[in-house]
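Here's a short tour of how two chains meet and how a ligand is held. Have a look at the structure first, then read on.

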Amino acid sequence: MQKKIFSLLIFLATLLTLLPCFAANEEKSFKTLNDFSGARFSTLNGTVADKLTQSVIPNSDNFVYYYTVADGIMALKSNKVDAFVLDDPICRLAAARNPEVMVFHEPVMPDQYGFAFPKGSPLRNKFNTVLRKFSEDGTLQNLRDIWLGADESKKVLLKQDWPGKNGTIRYYHDYLVEPIVYVGADGPLGLEIDLALRIAKELDMKIELTKCEFGGLIASLQSGKADVVSGSMSITEERKKSVDFADSHYKAALVLLVRNDSYVASNESFIDSVKASFEKTFIVENRWKLIVDGLLVTILISACAGIGGLFLGFLLCMLKREGSKPVRNFINTFIRLLKSTPIVVFLMIAYYIIFGSVNISALWVAILAFTINFGVYAAETYSTGLDTVDNGQREAALALGYTPKQTFWKVIFPQAARHFLPILKGDFIAMVKETSIVGYISVQDLTMVSDIIHSRTMEAFFPLLVTAMIYLIIANMLTTVLDIIEIKIDPKHGKRTVKGVKMQ
Amino acid sequence: MTKQALIKISHVCKAYPNVTPLKDVNTTIYKGDVISVIGPSGTGKSTLLRCINMMDPPTSGDIYINDEAITAPNCQLHLLRRKMGMVFQSFNLFNHKTVIENIMMAPMDLLGKSAQEAYDKGMELLRTVGLADKALNFPDELSGGQKQRVAIARTLAMEPEMILFDEPTSALDPTKVGEVLEVIRELAQKGMTMLIVTHEMNFAKDVSNRIFYMDQGEIYEDGTPEQIFEHPQRELTRHFIMRTKLMEEIITSKDFDFIAIRNNIDQFGKKYLLSPKSVHNMQVVFEELCVQTLLPYQGEAPNLQFRIEYSDKTNSIQIRIAYSGKAFELEEDMDMISYALLKNATTSIKTALTENGENEFILDIK
Ligand SMILES: Nc1ncnc2c1ncn2[C@@H]1O[C@H](COP(=O)(O)OP(=O)(O)O)[C@@H](O)[C@H]1O
Ligand SMILES: [Mg+2]
């Protein structure tokens, strides 16, 4: 087992080092915005940057989309794209940290961010009143100076020490866009979060923070999970059709992040750069603690869904085989429906629609969704295993005088187990890997932590490698248990003898 | 001494959606009976066995085991089944258990025997079927004959009052049939009550005290081996025992297709490799007796059944001609020359009545 993990590690490392080389491409030089006509662009998933760019730069429809800024910068560095279209505060921070990239001098177009609310929400006007006041008394300008500045020590949030007599605001925010909304050593940080806290204080309301993928923000408003959302969200006509925006609190611009042609790689040794990168990924801000927390969440979901799914699957399988005709039809339809729904979609439906108006933690929804998902696969697997046991085995046991129930447990199930256990193992590993999507409903699992870290460090290598390794270990640990059971129930395993008997 | 009835079967009918293999089965099986069930395939032999232990419940009718109705809805099926072992064509040993565990399992789980008791009894049974050295092998490590002997030992471990065998040797290599039949033969000698579906006719003749010939959805003929194999009373039994090949023509018009029937007789002869002389003789019987004699005798509305029966087993050919109306006296009313030809073509000519009361000639062909 150890060997397996080690060789996989080597393989991954080699792959990550070599990848950029394959992507190398001949260089073009860009002097004005129009030079980018026909270039390769990228932006973040779920933003409108692509449409805005196309309205300014001719022939700019060659776009690829990334989930995080860090991924986009990786792609830019490795010459997979020519320009990363992004909001200006993010670009400036990225350029400051990565000498290999820079902000292109001509902006694409001005842009503005706003808090978004459900249609017709009365909270919007309250926000606007406070925002106007903050704009006049200079609070807003002050906050911008702090969060866009280099002095990290000033970047702290208000403590919620006001009474909050007027209720609680449920606030969902993106978490991968430094310095607007991101995650620091002790939790969420960023300009918009600080601003939201100060507005809540003015309104004498408590505020409850929830991290959420940008792509899930509008859904959480519409399902009633959130009262307000933000995440450097541009105010656009299209979004206004589904949500209401407060007045803009930040005048930004859409800019291009491009490769810095004058950058010369420093001759820092490989070992040193690995060391520095390791430091950034694990040590700074005690990030390893985040990893441990995420790991626990992933293990919790996998273990609960694994065990729950085994039981649910057995129940479904029995109903499917022994139930009355309407029950069988219902179960079959249920199984087919769930098997043909991508698990991401099922998870979002469960969280935003089925439990949309129920106050239940996202973690429980994730456990439930994966239990059902695994249960459905396990049901089919059990069924396949039971089918492999010849009907003659059942008849022989019945003819000896076993009851149908005894026949099932003594004769059929043990033989079926030898067939379904190996398949269950595969189903289980697939399920563990799929838990990596729970970030969509704001559960902070291992993958989400890895995203958070790599969005801060702009380093993909360690977070991804460690995440991959941890998944490998979790999956292997749990399948080892199944392996042992499999060997235990193999009738030909071990010494041939009759237990509890003096042999002749 | 009166015989003790073990199983009573009364008006049992079993219907599947497309076929009704058992229409009306009635019989009583006594303690100590060794009954071989024979008959063509698809005549419900397996179905009868499976009805008796309720593996397939009958559609209607009742079956009593020691006067207890196994067909009653409230019956403790699993308890009654313990009295009747069943041995299957496909052995059905439990693949996940060793040979000895296969035998020990049921007595321990169902009769509450200790492991040691079950083991000792199991080893004793294995010795009687000659497989004590295979105790720790798994079923897939045995030959077919060995598997079947273990299956019989497993059944015996439950100490049943009777055993149902469904073609116990049909799945075996011909060289392995003997070892299994030997075990069954020994059981018969010890007085075990058994119902054995089999195609091994010599074995059936030797070992049983009764034979059921199954056909037409019923126990068509029930008798001693002597009766069934030497003097079958009913027609289908006789055909089955003699392994008869049939050809039948029914003539209901004076203008029937004479050429076609002559041709059919030739084809029949070719198909079963009959000698040209026999074929010629069959043609003579058809020509002289049917066409020249009986047809004119029957007048305007003839009704004649002409049937050739060729027994594969005895290599003999019989022609049966049934006809409606009054009996015809060959010696008196037949044309002299025709009669002479007829005599020449046959070894014997008999008259009889068919099952539905028509006159019939039975001629053995030379
Ligand atoms: N489970 C079943 N469903 C439908 N038809 C069946 C079933 N079992 C047996 N039959 C039919 O019943 C008839 C008798 O079968 P069986 O008792 O197995 O015959 P035998 O053992 O004499 O060869 C056959 O025509 C067979 O196709
Ligand atoms: Mg059969």
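## Where the chains meet

Chain A and chain B bury about 2700 Å² between them, and carbon and sulfur atoms give 57% of that area. (Buried area is the accessible area, taken with a 1.4 Å probe, that two parts lose on being put together, summed over both.) On the chain A side, A:L400, A:R496 and A:Q504 supply 23% of what chain A buries against chain B, more than any other three residues. Chain A brings 29 residues to the contact and chain B brings 34, where contact means heavy atoms within 4.5 Å.

Before going further, some housekeeping: this is a predicted model, where local features need pLDDT of at least 70 and side-chain atom pairs count only at pLDDT 80 or more, while totals for chains, interfaces and linings use all residues. Residues are numbered from 1 along each chain as its sequence is written, chains are lettered from A and ligands numbered from 1 in the order in which they are written, and side-chain values use heavy atoms, with hydrogens and water left out.

## What holds the sides in touch

Five salt bridges are counted between chain A and chain B; a salt bridge is a side-chain nitrogen of Lys or Arg within 4 Å of a carboxyl oxygen of Asp or Glu. One of them joins A:K492 and B:E141, at 3.6 Å from N to O.

Two helices of chain A, α15 (391-400) and α16 (404-434), are the elements giving two or more residues to the side that touches chain B. (Helices are DSSP runs of H or I, at least four residues, numbered from the N terminus.) The largest share, eight residues, comes from α15(A).

## Around ligand 1

Which residues sit around ligand 1? They are B:Y16, B:V19, B:P21, B:S41, B:G42, B:T43, B:G44, B:K45, B:S46 and B:T47, each with a heavy atom within 4 Å of the ligand.

Backbone N or O atoms come up to oxygen atoms of ligand 1 at 3.0 Å for B:G44 and 2.8 Å for B:K45. B:S46 uses a polar side-chain atom instead, 2.7 Å from a ligand oxygen. The protein covers 60% of the 560 Å² of accessible area that ligand 1 has on its own (Shrake-Rupley method, 1.4 Å probe).

## A link inside chain A

Over all chains, the whole structure has 40 salt bridges. One pairs A:R321 with A:D387, their closest N and O atoms being 3.1 Å apart. A:R321 lies in helix α11 (residues 287-322) and A:D387 in helix α14 (residues 362-387), so the pair ties together parts of chain A that are 66 residues apart in sequence.

Methods:
A polar contact is a pair of N or O atoms within 3.5 Å; within protein, one must be able to donate a hydrogen and the other to accept it, and residues adjacent in sequence count only if both atoms are side-chain atoms.
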